[in-house]
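Hi,

Here's the structure I promised to pass on. Have a look at it first, and my notes follow below.

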Amino acid sequence: MSDTFDESEIRFRSDVTVELVKHSAGDQDVLWAARVSTAGEKSLDELQKDPERSKGLINYLMRDKHGSPFEHNSMTFFVSAPIFVFREFHRHRVGWSYNEESGRYRELQPVFYVPAEDRKLVQQGKPGAYDFVDGTAEQFKIVGESTRESYRQAYRAYQEMLAAGVAREVARTTLPVGLYSSMYATCNARSLMHFLGLRTRRDDAAYPSFPQREIEMVAEKLEAAWAELMPLTYAAFNMNGRVAP
Ligand SMILES: Cc1cc2nc3c(=O)[nH]c(=O)nc-3n(C[C@H](O)[C@H](O)[C@H](O)COP(=O)(O)OP(=O)(O)OC[C@H]3O[C@@H](n4cnc5c(N)ncnc54)[C@H](O)[C@@H]3O)c2cc1C
């Protein structure tokens, strides 16, 4: 261990952070974009007219997959989650912008993921459609102990290399995917719906997905924030099988 590193600084977490830091997003953004089709430059004037018609229009756009009106809005989230979640997250290329903390320019903080007691530990079924069931007390114990021990060892090695003057970008090679990272992620309602369709598991989905629980924890928080901003769009998404238009 290096002279400067105190092992008690290592933190273990079982949760994820999602904060909506900036947004310009509301159901009205869908409506004015869609109504340019029929009202041209007057589409903004029609915003407050007839809420029932507005609801019907959003539902029609969702059902018939007229997707582009759902792109005229923006939400920026701060996300802190383990690196293995970010690996999955960054596969979503379209309608998403990302900026993540650097392991080259800053010393990575000793915060690591350990599954919570209610995290199901045993998988059954076939690839692509696994079911997960509770682990035994013994399995939970070995997960907790082994992850903590290997995190401590890895971070110790990282600190030893830094103390010996090795560059951060080289020393970080020892760190595991259970390390927390942080990023800003900006999306619009259409790209978020695509993400939610794939990264949440819901029985009422037209096309059920089987995401890893930890990215689903992030997705649930994104979904809760978005639902408040765009309630009509959110309701239409659910009513139409949670399929992005
Ligand atoms: C349950 C689950 C398991 C997975 N398992 C694996 C795995 O084992 N290995 C693995 O590598 N990945 C895996 N993935 C990742 C998956 O293959 C996708 O990369 C990820 O879900 C992002 O989806 P996307 O490409 O539709 O999203 P985006 O990149 O946001 O793209 C959105 C849409 O744009 C269109 N599009 C984007 N890029 C192109 C392109 N180049 N050409 C044509 N159309 C394009 C497509 O219609 C696409 O659906 C898994 C995903 C899930 C949800």
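On the face of α2 turned away from its buried side sit the exposed residues Glu 52, Arg 53 and Tyr 60. Bear in mind that this is a predicted model.

The buried residues in α2 are Ser 54, Leu 57, Ile 58, Leu 61 and Met 62. Their arc around the axis is only 130°, so they lie on the same side of α2. What do they pack against? The buried residues of α2 pack against α1 (27-39) and α8 (231-239).

After α2 comes Lys 65, with a positive phi near 60°.

Ile 58 also turns up in the largest nonpolar core, which has 45 residues. Along with Ala 81, Ala 189, Leu 192, Val 218 and Trp 226, Ile 58 touches the most other members. Beyond its neighbours within four places in sequence, Ala 81 is in contact with Val 16, Phe 86, Tyr 180, Glu 214 and Val 218.

Now the record: an unreviewed UniProt entry annotates a "binding site" on Ser 68, Arg 91, His 92, Arg 93, Glu 100, Asn 188, Ala 189, Arg 190 and His 194. These span 127 residues in sequence and the farthest two C-alpha atoms are 27.5 Å apart, so they don't all gather at one spot.

Are Ser 68 and Arg 91 buried or exposed? Ser 68, in the loop between α2 and β3 (74-82), is exposed, with 12 other C-beta atoms within 10 Å. Arg 91, in the loop between α3 (83-89) and β4 (96-100), counts as exposed with 11 C-beta neighbours inside 10 Å.

Cheers

How values were computed:
Residues are numbered from 1 along each chain as its sequence is written. This is a predicted model: local features need pLDDT of at least 70, side-chain atom pairs count only at pLDDT 80 or more; totals for chains, interfaces and linings use all residues. A nonpolar core is a set of buried Ala, Val, Leu, Ile, Met, Phe, Trp, Tyr and Cys residues joined through C-beta atoms within 7 Å. A residue is buried if 20 or more other C-beta atoms lie within 10 Å of its own, exposed if 12 or fewer, and partly exposed in between; C-beta atoms are placed from the backbone. Two residues are in contact if their C-beta atoms, placed from the backbone, lie within 7 Å. Helices (H or I, at least four residues) and strands (E, at least two) are DSSP runs, numbered from the N terminus. The arc is that of the directions from the helix axis to the C-beta atoms. UniProt positions are given in the numbering used here, feature names are shortened, and annotations may be inferred rather than shown by experiment.
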